[in-house]
Amino acid sequence: MEHATFVIGSWVLTAGSLIAYAVWIIRRGRALSKHATNEEMPWT
Amino acid sequence: MSTHSGTGTKATRGLGIIVLLMLIALAFFGLVFSAEDVVQGSTVRIMYVHVPAIWVAYLAFGLTAVCSAVYLSGKNRSLAWDRVAGASGEIGVLFVAVSLVTGSLWGRLTWGTYWVWDARLTSTAFLFITYIGYLAVRRLGGTHRQRARRSSVLALLAIVEIPLVHFSVNMWRSLHQSASVADPNAKVQLDGLMLFSLFLGLFAFTLLFVWLVLHRQRTLQLEDAFADRGLDAAIAARREEAVK
Amino acid sequence: MDLTPRTNSEAIVEPAKRKRRWGPVVIVVLALVFGGVVVTKFLTSAIDYYCNVDEVGSRTGCEGDRRMRVQGIVEQHSVKQVDGATSFVMTFNGEKLPVHYAGDPGGVFQECIPVVAHGRVVNDVFESDRIEVKHSNQYVQKNKTRLDKANEEAAACSVSAD
């Protein structure tokens, strides 16, 4: 593949940033929910 | 305390699995199965993440504006609208950043430069800065209702930038190419699996956006609840004193 | 219930104070500053990013003696590379402009593709120090089994000319 560094780099940057954000959200949600009551979590 | 862990539900877990499978399929179609472009070669493969990223950013900022309008117009001003607006705005900023970076790399290979101050790139940079400002305004302090009011007004002002960005390539002379699909006057030419891969990317990224918003607005709800606890404790203490 | 404001601070159960946070204030100020810079760039550079070849010397802002950006299509069979420099002819609306560029243009520079050249006209030749390739919004797949090199070039010409 021509210009593989740029092409693969674009995909890796995209995947990396989206995965990092998703992991941060999930971890933050888990950390907060440990101290939350059931009333504070209406989706449960 | 809750017996449930995290912001997930059965529905979000199911959606998450679908999104993951679609993103894996996108990687195969975008990087392996779709053909190279006759002019750009394999560089065209950046399109399958660049275009969906800016589409999701438009969608996210649109949702932010709609939720802000509902919050401001409703008699019962539920903060849930504000939290969805905030979650969507934050995710939109992430996707604009992805679009700017991937676009810059694509530009280096096709145009020969990472950045130009043409109408599309300049207006997109302005959009990015505006919504960073929106996120900062949400964190300025004050009560939840103060946050919701000021950020809703800003969201409704900022949304006018979306048509400016999208149609900038038609309104002004720009180095950036005009839209291949999202333009009623465009003659769509994306050969073979190129068009399919692009639509797969648009669909996968849209579902990913839905999944992210669902989780993020729940973490915001927990953050708001924890911030309210101190206030609730103060009111409870006053009640106890009054009873004594 | 007594709801008058307290004067005895020790008796107050402190609620979670929502103080003014300075980090977001700094970000808002920076956003305003950078927003101003971007708007300035928009007004000075982004509107009408280039002059077309047929407008050089005839349109306001495209006067021949000033530095400008000119857009045109690289004429077929006009590209010549000598001693590391590249010369070619740009065309648009029937007008032609010879271009001299001291280097090898980057991007997907080739014949029949629209380009934007930065520079100024010197002795009827556009002396350029930067070339940007303006790609079309149409994508044609490369088919290695059916198209030979000549056909690919012809396809590139037809795409660019649209």
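This is a predicted model: local features need pLDDT of at least 70, side-chain atom pairs count only at pLDDT 80 or more; totals for chains, interfaces and linings use all residues.
**Entry 1: chain B as a whole**

I began with the secondary structure of chain B and found seven helices and zero strands. Read from the N terminus, the order of elements is α-α-α-α-α-α-α. I then looked up the extent of the chain: along the principal axes, the C-alpha atoms of chain B fill a box of roughly 85 × 40 × 30 Å.

Next I checked the confidence. Chain B has a mean pLDDT of 91, with 93% of its residues at 70 or more. Within the chain, H2(B) has the highest confidence, at a mean of 97, and H7(B) the lowest, at 88.

**Entry 2: H2 and H3 of chain B**

I turned to helix H2 (residues 47-73) and helix H3 (residues 79-110) of chain B, whose axes come within 7 Å and cross at roughly 160°. Because of that angle, I recorded H2(B) as roughly antiparallel to H3(B). The crossing of H2(B) past H3(B) is left-handed. I sorted the residues of the contact between H2(B) and H3(B) by class and noted 19 nonpolar, nine polar and one charged.

**Entry 3: H4 and H5 of chain B**

The next pair I looked up was helix H4 (residues 119-138) and helix H5 (residues 144-158) of chain B. Their axes come within 9 Å and cross at roughly 170°. H4(B) and H5(B) are therefore roughly antiparallel, since angles over 145 degrees count as such.

On the side of H4(B), I listed Thr130(B), Tyr131(B), Tyr134(B), Val137(B) and Arg138(B) in this contact. H5(B) contributes Arg147(B), Arg150(B), Ser151(B), Leu154(B), Ala155(B) and Ala158(B). By class, the contact of H4(B) with H5(B) has six nonpolar, two polar and three charged residues.

**Entry 4: H4 of chain B against H1 of chain C**

I followed H4(B) across to chain C. H4(B) packs against H1(C) at an angle of about 165°, with the axes 9 Å apart. This pair is therefore also recorded as roughly antiparallel, and H4(B) passes H1(C) in a left-handed crossing.

The residues of H4(B) in this contact include Ala119(B), Phe126(B), Ile129(B) and Gly133(B). Among those they meet in H1(C) are Pro24(C), Phe34(C), Gly35(C) and Lys41(C). Thr130(B) and Val137(B) are listed here, and both are also listed in the contact of H4(B) with H5(B). I counted 16 nonpolar, five polar and one charged among the residues of the contact between H4(B) and H1(C).

**Entry 5: the contact of chains B and A**

Last, I looked up the contact with chain A, where 32 residues of chain B meet 29 residues of chain A. H2, H3 and helix H7 (193-243) of chain B each supply at least two residues to the side that touches chain A. H7(B) has the largest share, ten residues. By class, I recorded 15 nonpolar, twelve polar and five charged residues on this side of chain B.

Conventions. Residues are numbered from 1 along each chain as its sequence is written. Chains are lettered from A and ligands numbered from 1 in the order in which they are written. Axes are lines fitted to C-alpha atoms, for helices over the stretch in contact, and angles run from 0 to 180 degrees between N-to-C directions. Helices (H or I, at least four residues) and strands (E, at least two) are DSSP runs, numbered from the N terminus. Angles under 35 degrees count as roughly parallel, over 145 as roughly antiparallel, 65 to 115 as roughly perpendicular and the rest as oblique. A crossing is left-handed if the near helix is turned anticlockwise from the far one by less than a right angle, and right-handed if clockwise. Ala, Val, Leu, Ile, Met, Phe, Trp, Tyr, Cys and Pro count as nonpolar, Asp, Glu, Lys and Arg as charged, and the others, Gly among them, as polar. Two residues are in contact if their C-beta atoms, placed from the backbone, lie within 7 Å. pLDDT is the predictor's confidence in each residue, from 0 to 100.
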